[in-house]
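I opened my notebook to get to know a structure that was new to me. These entries record what I looked up, in the order in which I looked.

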Amino acid sequence: MAHGIMVAKGAGMGDSPLTRRRFLSLGAGTLAAATAARYFLAPHEAKAAAHGTIDPATDGKIVRSICEVCFWKCGIQGHVQGDKLLKLQGSPVHPLSNGKLCPRGAGGLGQAYDGDRLVKPLLRVGPRGSEEFKAVSWDEALGFIAGKLDELRKKYGPETVALFNHGAGASWFKHLLQAYGTANFGAPSFAQCRGPRDVAFDATFGSDPGSPEVLDIGNSDCLVLIGSHLGENMHNTQVQEFAEFVARGGDLIVVDPRFSTAASKAYTWLPIRPGTDTALLLAWLNVIIGEGRYNRSYVEAYTTGFDKVAEAVKSYTPEWASAETGLDAETIRNTARRIAAAAPASLIHPGRHSTWYGPDDVHRSRAIAILNAVLGSWGHRGGFFRPAGMKLAKYPTPPYPKAKPPADRLPGEAPFALEPLAQGIRRASIDGKPYPVKGWFVYGTNLIQSLPERAETLKAIQELELLVVCDLIPAEIAGYADVVLPEASYLERYDDLQPVSWHQSGVALRQPMIPPLGDSKPGWWIARELGLRLGLEAFFPWKDAESYLRERCKLSNLDYDTLAREGFLPAPAKPTVVEDGLALTFGTESKKIELYLDRFEKAGFDPVPVYRRPNAPPPGYFRLLYGRAASQTFGRTSNNRLLGELSRNDRVWLNAKVAADLGIVDGQRVKLVNQDGVESAPIEVKATERIRGDCVFMVHGYGHTAKGLTYARKRGGADDAGLVTRVVVDPVMGGTGMRVNFVAIKKVER
Ligand SMILES: Nc1nc2c(c(=O)[nH]1)N[C@H]1C(S)=C(S)[C@@H](COP(=O)(O)OP(=O)(O)OC[C@H]3O[C@@H](n4cnc5c(=O)[nH]c(N)nc54)[C@H](O)[C@@H]3O)O[C@H]1N2
Ligand SMILES: Nc1nc2c(c(=O)[nH]1)N[C@H]1C(S)=C(S)[C@@H](COP(=O)(O)OP(=O)(O)OC[C@H]3O[C@@H](n4cnc5c(=O)[nH]c(N)nc54)[C@H](O)[C@@H]3O)O[C@H]1N2
Ligand code: SF4
Ligand SMILES: [Mo]
């Protein structure tokens, strides 16, 4: 039996509803697969023609591909019978899955078989936001968009069109719009997510932690998680290595105002006052440097500016930090010593979503970078490894026309941004500065829930002359579109080659397991058809995705057929840590780790992180915190019935004692009212000791209102994004700090 997995015949979701019980039993199969995993398929198994291999247990097919339920990009394998996908498992040969998936990846079937899927192109017939559409042919929809794009190009120049995007499939549309002539590409996954972290690490080390983050958690001896809530943040390989780390008894220190899943595994949980992390980090530096516990030879060999940093952190004693953070000074001192004792196999996790408190965010991330640097963890086993990566040849197309710089920033604004700011492009759509943005192409991002300050998003939308939304389901943003384009899901399409940068680097392939649902079409096809209609055929010389991929593989000296069969091809092995022979180099100007940043100083920013005290909640208010839940990926899973049944994450966490003082019992329905008077939908209280009394916590991605999301709309819970009516922008790189909103709790009659 291939992979030791039994696939029941005819048990797909297409003909019978997949119950929770059956779904969970499939999960157990996933675990079995992990132990039975072999590296490559034996030749006798590889007998399918086009792609995939025959599963002798069922005469069905096994097709290897890449997950897209989040952005970690694990390798998957689908068990397919005819046109039906029966189950998804982790690919045993892909280094990001090691034969296992997170619950969301296993539940990806619920996305493909979502009864609310978009299956026809739609043209708006009511006002924007009315969600009134008529179904049209692809020819009509694409003709309409091409006509508008042509008109906008003539009227304002091609830079008037912006792409908002998330996910691997966006690459086809980036190509199309670069050929068209714009550079306005705004992804909320930068200025609303990893931006501050990437900027801080890039400035310090000359490269950022990347995605997937290059953390050698599996080999580290001490791990500090600051906010980063692994286990709820379910990035597969990271969680696998985290489990190994915990099983080995690694020293885990978790800093979180909430007793997270990770905190429950920790030796020390530091329930920090929200927004004061920089004070803790500076005090750790104070102890580690002051007591001479840093990695002296590493610091001498690889860093610049150490003395200035040592001087700057002298005043940040544990006693000082104790008053700011609410943590005990002796515990701050002890944890600093434990962190140092494990170095260089000691990791201060850089986190991922780092747009928390605005002006503090880059500095907090910089303090994390500096700590890792003085521990010598960058480049060492158990620290940050340096993957060799895999270079792939481009498919030759003409050079793109030179585009105007993006409209996201005015002169002098956010000088260290590494990518365009989504909220900046939104602003240019409202006030026309530095030039008007009149057309939005929205791919795989639900801007209504992912961009803070929703009123601004709605204002910008009303100013547009074209709004195209390409999605799988009629999410909130689609309700405002002029044209909605139904994409085939990640289980039904090809996407571009996916380089994998990991301990074992390589390349992976996304390929269809089943045919597209209804009249939905893959992104590569949609982008190409638009290109042809816009006179950009020179940029789309391929007939279809498969011929494109074959050619790219040929140019990269890779065997496409093997890639299609295995789903992943390894790159030649190279050392990724100093212990194995890696030569450490840095992409900074000085070619060293820049602990002190002259570049920041020249631009008027703090060259060494400085602590700024956050505003306290006004009386009667709580700081609004939000985060992830293991079985949800915000907008990607909110309508996924399989995952929705797995667990309840639709409640607001409130400290039990505070709840009692307010006369609120566990399970009681309340509304949250923010400082600007914005009210949430009713939401149940989870009264718990697991959170501090000065904040509340909720999972992002609930409280949907779109008519077409028949499942998500009926689920409980409220939408955190609606309450984020204020942000504090990081002046260094334009990240929108979002944990600066406060809510009061209003009881709702039962
Ligand atoms: N299951 C699942 N996993 C995911 C995702 C998903 O949607 N679902 N999304 C992925 C994405 S895109 C991202 S960016 C990551 C985000 O995940 P992470 O980068 O791990 O976490 P954050 O969202 O930054 O932080 C959430 C945690 O920070 C705590 N916190 C809040 N305020 C503070 C504070 O002031 N100080 C400290 N120390 N802690 C605080 C919260 O209680 C919560 O535990 O998750 C990724 N993984
Ligand atoms: N208030 C608040 N705001 C946040 C966050 C938060 O926690 N709270 N998190 C921030 C973070 S960390 C991030 S990364 C961003 C993420 O926010 P977004 O960039 O908006 O990402 P998603 O929520 O994944 O986008 C989901 C949309 O993509 C669609 N989609 C899914 N798969 C496909 C596909 O294959 N093709 C197409 N065409 N569409 C697809 C889904 O149906 C859904 O409508 O939000 C940020 N904004
Ligand atoms: S972490 Fe989970 S959802 Fe994300 S790509 Fe991997 S299996 Fe898919
Ligand atoms: Mo994110």
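**Entry 1: the whole chain.** What percentage of the 750 residues of the chain count as buried? I looked this up and found 61%. I note here that the model is a predicted one. I then counted secondary structure and got 24 helices and 28 strands for the chain. The radius of gyration is 25 Å, close to the 27 Å that the globule rule gives for 750 residues, so I wrote the chain down as being as compact as a globular protein of that length. Along the principal axes, the C-alpha atoms fill a box of roughly 65 × 60 × 55 Å.

Entry 2: Strand 15 (residues 466–471) and strand 16 (residues 483–486) run parallel and are joined by four bridges. Opposite Cys 470 I found Leu 485, in strand 16.

**Entry 3: strand 7.** How many of the five residues of strand 7 are buried? I counted five, over residues 161–165. In a regular strand the side chains alternate between the two faces of the sheet. I checked the directions here: Val 161, Leu 163 and Asn 165 point one way, while Ala 162 and Phe 164 point the other way. I marked all of these as buried, with relative accessible areas under 20%.

I then looked at the neighbours of strand 7. With strand 14 (residues 439–443) the pairing is parallel, over five bridges. Trp 440 in strand 14 is the bridge partner of Ala 162. With strand 8 the pairing is also parallel, over two bridges. There, Phe 185 stands opposite Leu 163.

**Entry 4: helix 5.** I found helix 5 at residues 171–180 and noted it as mostly covered, since seven of its 10 residues are buried. The buried residues include Trp 172, Phe 173 and His 175. Leu 176, Leu 177, Ala 179 and Tyr 180 are buried too. After helix 5 comes Gly 181, with a positive phi near 120°.

**Entry 5: ligand 3.** Where does ligand 3 sit? I located ligand 3 in the largest cavity. I listed 13 residues around ligand 3, and the closest are Cys 67, Cys 70, Cys 74, Cys 102 and Asn 236. By class, I sorted this shell into eight nonpolar, three polar and two charged residues.

**Entry 6: two single residues.** I looked up Leu 662 in helix 23 (residues 656–662). From Leu 662 to Lys 746 I noted 84 residues in sequence and 10.0 Å in space, C-alpha to C-alpha.

Glu 589 and Arg 599 are 10 residues apart in sequence, and their C-alpha atoms are 9.8 Å apart in space.

Definitions and conventions
Residues numbered from 1 in each chain as written. Chains lettered and ligands numbered in written order. Predicted model: local features only at pLDDT ≥ 70, side-chain atom pairs only at ≥ 80, totals over all residues. Heavy atoms only, no water. Pairing = 2+ DSSP bridges. Near = heavy atom within 4 Å. 1 Å grid on protein atoms, 1.4 Å probe; cavity = no way out; pocket = protein on both sides within 12 Å on 5 of 7 lines; lining within 4 Å. Sits in = over half its atoms within 2 Å of the grid points. Nonpolar A, V, L, I, M, F, W, Y, C, P; charged D, E, K, R; others polar. Buried < 20%, exposed > 50% of the residue type's maximum accessible area, 1.4 Å probe, protein only. Rg over C-alpha atoms; globule rule 2.2 N^0.38 Å.
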